[in-house]
Amino acid sequence: MKDKNQVFADLKDFLGFGEEDAQNLKALAPIFATHGGALTDRFYEKLGTVPETAALVEGRVDALKKTHAVWMSELFSGDYGDAYFERRWKIGLTHVRVNVPPHYVEAVISFLRGESEKLLVRELKDAGLVAERHASLLKILDIDLMVINLAYAAERVDRLCNFTGMSKKLIQRCIEQS
Amino acid sequence: MSRSEEISKLLKSLTSSSADVEAAAIVDNDGLMIASALPADVEDDRVAAMSAALLGMSDRIVRELGRGLFELVMIRGSEGYTILVRCGPEAVLSVLAARTAKLGLIFLDANRSAKEIARLIT
Ligand code: HEM
């Protein structure tokens with residue numbers, strides 16, 4: 001695979017994520033500082049109703065909510081350099097370690113895409129402003145998800161390589177040959 | 001003689017050394033076929049990838065169980081044997097032998113060939 005930092009740069013480039021988006025996101029920080037916690041509470045409530053995810057969060061919901069609040073605040077920090085994406089990459093690695101089903105991470109992001117729009121409509125009122133800022137938020141949510149998923153997939157292959165003694169090239173060859 | 005010609009020659013001499021050795025191939029750790037004297041109906045690329053996978057797993061289990069360094073793995077089927085022997089750090093020699101083969105002799109020949117092949121490819 002390409003160098004990680006290059007992948008981050010390519011993704012930003014592909015989505016046209018730039019300084020304007022950074023400013024839009026920074027401007028949203030106060031809204032999410034006030035209302036983000038309620039969104040987090042809502043999706044943890046949902047995760048608690050699915051046996052697969054409930055088992056993973058049981059007994060540590062408060063700690064995980066705090067972790068999540070940090071993640072969310074970083075979305076609006078205005079700084080999207082390599083260190084930002086390294087932290088996202090680490091989320092993917094941690095999720096493999098605890099066996100988080102990746103489609104539920106996608107589901108949480110999907111929830112945030114929808115709910116954040118409602119929140120912005122309520123708080124900003126101006127439709128043009130909502131559209132512009134929400135577009136930037138969608139981009140960063142998607143890039144975050146892509147990086148988390150990439151790390152998740154890469155970590156699984158790394159673990160398989162370690163366990164089986166097979167190289168990544170060999171695993172790729174096995175996939176192609178099967 | 002080029003390196004690959006020398007390797008092919010070694011494989012040929014291994015397969016013709018005894019009627020019990022039916023076929024042989026050399027595969028690198030990434031599952032790429034280096035040289036093959038396998039039957040025509042065998043899909044070289046698949047067997048190469050499978051051999052390398054088995055090599056990787058065998059290497060791991062030898063270490064996990066404190067058996068030193070991996071040297072050889074043998075699989076017995078109702079119609080014969082498949083024997084994988086390490087050829088240095090980068091490759092493995094795969095030998096197909098008849099069910100009735102004298103294994104001691106096959107091991108001897110396979111080990112000797114593996115050493116020579118290792119010298120050629122490393
Ligand atoms: C938008 C989606 C998500 C984000 C951004 C996210 C973020 C994070 C972060 C930042 C960490 C800490 C990483 C670290 O310590 O290095 C973490 C850990 C964790 N996440 Fe997620 N997460 C998400 C979805 C989920 C889902 C759907 C589950 C399912 C139950 C989950 C379960 C966990 C668990 C159990 C840990 C703790 C791992 C440990 O033992 O340290 N996460 N997550």
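A:His95 sits in helix H5 (residues 82-98) of chain A. Helices here are DSSP runs of H or I with at least four residues, strands are DSSP runs of E with at least two, and both are numbered from the N terminus. This is a predicted model, so to speak of local features a pLDDT of at least 70 is needed, side-chain atom pairs count only at pLDDT 80 or more, and totals for chains, interfaces and linings use all residues. Residues are numbered from 1 along each chain as its sequence is written, chains are lettered from A and ligands numbered from 1 in the order in which they are written, and side-chain values use heavy atoms, with hydrogens and water left out.

Back to that histidine. NE2 of A:His95 is the single protein donor to the iron atom of the ligand, at 2.1 Å. Donors are N, O and S atoms within 2.8 Å of the metal (3.2 Å for Na, K and Ca), and water is not among the atoms, so sites may look incomplete.

**Chain A**

Chain A has 8 helices and 0 strands, and its elements run α-α-α-α-α-α-α-α from the N terminus on. Its C-alpha trace spans about 55 × 40 × 25 Å along the principal axes. Of its 178 residues, 38% are buried; buried means under 20% relative accessible area, exposed over 50%, and partly exposed in between, using a 1.4 Å probe and protein chains only. If you take the contacts in chain A between residues at least 6 apart in sequence, 79% join residues at least 24 apart. A contact means heavy atoms within 4.5 Å.

One helix pair to look at is H1 (residues 4-15) and H7 (residues 127-164) of chain A, which pack at an angle of about 150° with their axes 11 Å apart. The axes are lines fitted to C-alpha atoms, for helices over the stretch in contact, and angles run from 0 to 180 degrees between N-to-C directions. On the H1(A) side the contact is made by A:Val7, A:Phe8, A:Leu11, A:Lys12 and A:Leu15. H7(A) brings A:Lys139, A:Ile143, A:Met146, A:Val147 and A:Leu150.

A:Glu115 is found in helix H6 of chain A and is buried, with a relative accessible area of 13%. Leaving out residues up to four places away in sequence, A:Glu115 touches A:Leu39 and A:Arg42. Its C-alpha is 11 Å from that of A:Thr40, 75 residues apart along the chain.

Most residues other than glycine have a negative phi. A:Asn99 and A:Lys125 each have a positive one, and here they are together:

**Chain B**

Helix H1 (residues 3-17) of chain B has 15 residues and reaches 21 Å from its first C-alpha to its last, close to the 21 Å expected at 1.5 Å a residue. That expected span is 1.5 Å times one less than the number of residues. B:Ile7, B:Leu10, B:Leu11, B:Leu14 and B:Thr15 are buried in H1(B). Seen down the helix axis, the buried residues of H1(B) fall within an arc of 130°, so they line one face of the helix; the arc is that of the directions from the axis to the C-beta atoms. On the face turned away from the buried side you find the exposed residues B:Lys9, B:Lys12 and B:Ser16.

What do the buried residues of H1(B) pack against? They meet strands S1 (21-28), S2 (33-37) and S5 (91-98), plus helix H3 (103-121), of chain B.

H3(B) has 19 residues and reaches 26 Å from first C-alpha to last, close to the 27 Å expected. Its buried residues include B:Ile106, B:Asp109, B:Ala110, B:Ser113 and B:Ile117. Among what covers the buried residues of H3(B) are H1, S1, S2, strand S4 (80-87) and S5 of chain B.

Last stop is B:Val73, in strand S3 (residues 72-77) of chain B. At 17% relative accessibility, B:Val73 counts as buried. Not counting residues up to four places away in sequence, B:Val73 touches B:Leu54, B:Ser58, B:Thr82, B:Ile83 and B:Leu84. The C-alpha atoms of B:Val73 and B:Arg99, 26 residues apart along the chain, are separated by 16 Å.
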